[in-house]
Amino acid sequence: MKNQLGIDIPEYVENLGKLIPYKGAFKRIKNLQKEDLRLTPTKIRTYLPERNKLVSSLEKAIERSGLKNGDTISFHHHLRGGDFLLMKVVETLDKMGFKDLTIFSSSLTRAHQNLYEYVEKGVVKKIFTSGLRGELGKFVSRGKMDIPVVIRSHGGRARAIKTGEVKIDVAFISAPSSDKEGNLNGVRGPSACGSLGYAMVDAQYANCVIAVTDNLVDYPNTPISIPQYQVDYVVKIDRLGDPDKIGSDSTRLTNNPVDLVIAENAANVIYNSGYFREGMSFQTGAGGASLATAKYLADIMEEKKVIGSYAIGGISSYIVDIYKRGLFKKMFDVQSFDKGVVSSLLENDDHIEINADFYANPFNSGAIINNLDVVVLAAYEIDTDFNVNVLVDSHGYAQGASGGHSDTAATAKLTIIVAPSFRSRIPTVVNKVNTVITPGETVDILVTERGIAINPRRKDLMENLKGKGLPIKDIHQLREKVEIITNNPKMFEFTDKICGFIEYRDGTIIDTIKQVVEK
Amino acid sequence: MEIRLRRTMLYIPGNNPGMLQIADIFGADSVLFDLEDSVPHSEKDSARDLVSNMIKYRAYENIEITVRVNPLNTPYFEDDVKEIIAAKKLQAIRLPKTNRAEDVDKLAKLIGKYEKENEIAIGTINIHPMIETALGVENAFSIATSSVRVNAITIGGQDLTADMGIAKTKSGEEILWARSRIVMAAKAARIDAVDTIFADINDKNGLIEETRLIKKLGFTGKAVINPRQIEPIHKIFTPTEKEILWAQEVIETYDKGLKEGKGVIALRGKMIDPPVVKRAEKIITISKLGK
């Protein structure tokens, strides 16, 4: 059957079950009461007060967890490219002879690219993630997985956990700081990563939680991000990760002149959009043009004496700096991008750690992004219907992440995509994106260095931005303009084999990852 | 004569394809593709090819296209001129190390020859002599008036101080006289005067200070080496809202006074005479041209 974007989606997939085609960004949410969903039942575990949670090794913890072949194990990616734990656990499970497991991680980074070896060995059967990088992304795009991967947004992952669409049998939580009872936080220790926002949901709904730490501290460990009553076992290992790859000391602003032009345009768009006002809320990514937009926006806020209510999302130290200038009153942090943020979480009462459910889940009584005014997001590709691809790169490989892209685009009052109009000689603005992560109906404006295109659905924005000296163009014109420069490069071809499903935040299927033809 | 703003002329190294691609996105009034100092000898020919092909095939938008060729006394000079004119869309050639009017003559003749060869209307391509020697400074007026093709003269601070055997400083007292001399020559010849670059791209305040100074001296614009330098310069060279309102008021009051046959026309107690009106008109023109 075809979904609303005209993409063929199978009704049923062996080992994944029944699939629901995407019908529009808020269609399912509007009618959700009829589905009468319930929170997933989670196994209640009780232990006698004198019991010792500390276990001497990962193997022992796994044995005691009752993990079986075919089960689902979860991880978080707060240690980003520096994470050691996921691969160490999978290695251990291999040695112990486990098979057919489902890896359910909040995302997968380059640190996890060798996971494909364990797929080949049969240890891992299914992968549910937000992102794919390096060799693993290539492996998936080459069609080497027997069961397609499922890509979820951060909000969508929280939804799938709460509804029980994905039941976590054992959650492995990398804990930069823990006590013997399993009070956990991410703000202290050699592997400090900041917020534990994604892991907090796993801890709440998993049938068993194993906390792994390299920094066992005296009881009680505070602040408490994940409380001891959700944690079954605590394991101490030597190192959770490589501090250098967990995060740089601070996120530096780009010097790339093209990114700066885009960012300045984007800040001017925000300023003139009608959403630039006292109490505005704001989210941006840590990428070049996205973060630079925050810089230009902050300068305008300072000049016009406008103070925002909150900044949210992945928080980088640059956002912390803007907060320190008094330009935002609060920061909500589901994921910290660098070490500068870690110390801010400890020092600033207005810097608040939130979980992924609170952040972006569409199936609750109100995620915080429902109140978001402006979000600035990046793109690999955007098409003339404003659909955005942030997953499949120009070589046809899955090398990106869904992240909070589609979540925030859907809810923010103003969704801005910032991207160069072409990279090397590959156009960013195209007729049809390879893979839709974020549907065009939720995207308002594209800002490039060669022009700004407004989604025709937003007549109000067209009106507000008219006559402000902004280089506004029809998106088709912009695409043609780029084509004059880049010509029409021959793109990679794909077979009909489905290597992955892109699940929209509401659980419907918006697109697929196709198998790339390699020459 | 065409009126155009030359507040900023952005240098783009001719051997850098990435920069050549994006030359027109920063809002500079002119782009200045460089074949001279930013290109090493081993890349002179490839840079020339690259620049001429980019000018030929790339639709640059809303920007004056100029090229700094290698000096007259180098083996690259004639080929530079020939190739970039053949690309058709060139608007001006910047001639480095111009010492005297005869240097401009030589270039003008060569341009004429290649305009003809390429079926470009004679006189299309302008010349921007770059004065960067003591001799050039002394000959500034004759250089400025040496050809109808010359519609701007420029100063090269680094080479000039080197020629004088002194150091170039940030405050620039040592080139103050040369700057003034060149501005005066340009004003006398009724052409633009474009200032030298500000080398420290991280010192925004220094750039602003220097730009304010050269605007006061009478320069019409400044060469830039980094896109980040464009915006602060444009801000200084673009009339403020207050200035525009004042200019409008001056013109209106003056026109009204003329119609009423008044001998002395005043605005809020200050006399408006033709020079004041002329300055007001210039402010309005610039404000209309500027973005």
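Two strands pair if DSSP finds at least two bridges between them. The exercises below apply this criterion and others to a predicted model.

**Exercise 1. The surroundings of strand 26 of chain A**

Determine in which sense strand 26 of chain A pairs with strand 27 of chain A, and over how many bridges.

Solution. Strand 26 of chain A and strand 27 (residues 451-454) of chain A are joined by four bridges in the antiparallel sense. Since the criterion asks for at least two bridges, the two strands therefore count as paired. Two residues lie between strand 26 and strand 27 of chain A, and the two strands form a hairpin.

Next, identify the sense in which strand 22 of chain A pairs with strand 26 of chain A.

Solution. Strand 22 (residues 414-418) of chain A pairs with strand 26 of chain A in the parallel sense, over three bridges. Here A:Val418 has A:Val447 of strand 26 of chain A as its bridge partner.

Finally, state which way the side chains of strand 26 of chain A point, and whether they are buried or exposed.

Solution. In a regular strand, side chains alternate between the two faces of the sheet. In strand 26 (residues 445-448) of chain A, A:Ile445 and A:Val447 point one way, A:Leu446 and A:Thr448 point the other way, and all are buried.

**Exercise 2. The open sheet of chain A**

Give the strand order of the ten-stranded open sheet of chain A and name the edge strands.

Solution. The order is 3-13-12-9-4-5-6-8-28-29, with mixed pairing. Strand 3 (54-55) and strand 29 (509-516) of chain A each pair on one side only, and these are the edge strands.

Then describe the pairing of strand 8 with strand 28 of chain A, and find which helix lies across both of these strands.

Solution. Strand 8 (residues 149-151) and strand 28 (residues 494-503) of chain A pair in the parallel sense over three bridges. A:Val149 stands opposite A:Gly500 of strand 28 of chain A. Helix 6 of chain A lies across strand 8, strand 28 and strand 29 of chain A, and runs at about 90° to strand 29 of chain A.

**Exercise 3. Chain contact and nonpolar core**

State which helix supplies the largest share of the side of chain A that touches chain B.

Solution. Seven residues of chain A are in contact with six residues of chain B. Helix 10 (residues 257-272) of chain A supplies the largest share of the chain A side, three residues. By class, that side has four nonpolar, one polar and two charged residues.

Then characterise the largest nonpolar core.

Solution. This core has 232 residues, and those with the most contacts inside it include A:Val418 and B:Ile153. Helix 10 of chain A gives the largest share of the core, ten residues.

Key
Residues are numbered from 1 along each chain as its sequence is written. Chains are lettered from A and ligands numbered from 1 in the order in which they are written. This is a predicted model: local features need pLDDT of at least 70, side-chain atom pairs count only at pLDDT 80 or more; totals for chains, interfaces and linings use all residues. Two residues are in contact if their C-beta atoms, placed from the backbone, lie within 7 Å. Ala, Val, Leu, Ile, Met, Phe, Trp, Tyr, Cys and Pro count as nonpolar, Asp, Glu, Lys and Arg as charged, and the others, Gly among them, as polar. Axes are lines fitted to C-alpha atoms, for helices over the stretch in contact, and angles run from 0 to 180 degrees between N-to-C directions. A nonpolar core is a set of buried Ala, Val, Leu, Ile, Met, Phe, Trp, Tyr and Cys residues joined through C-beta atoms within 7 Å. A residue is buried if 20 or more other C-beta atoms lie within 10 Å of its own, exposed if 12 or fewer, and partly exposed in between; C-beta atoms are placed from the backbone.
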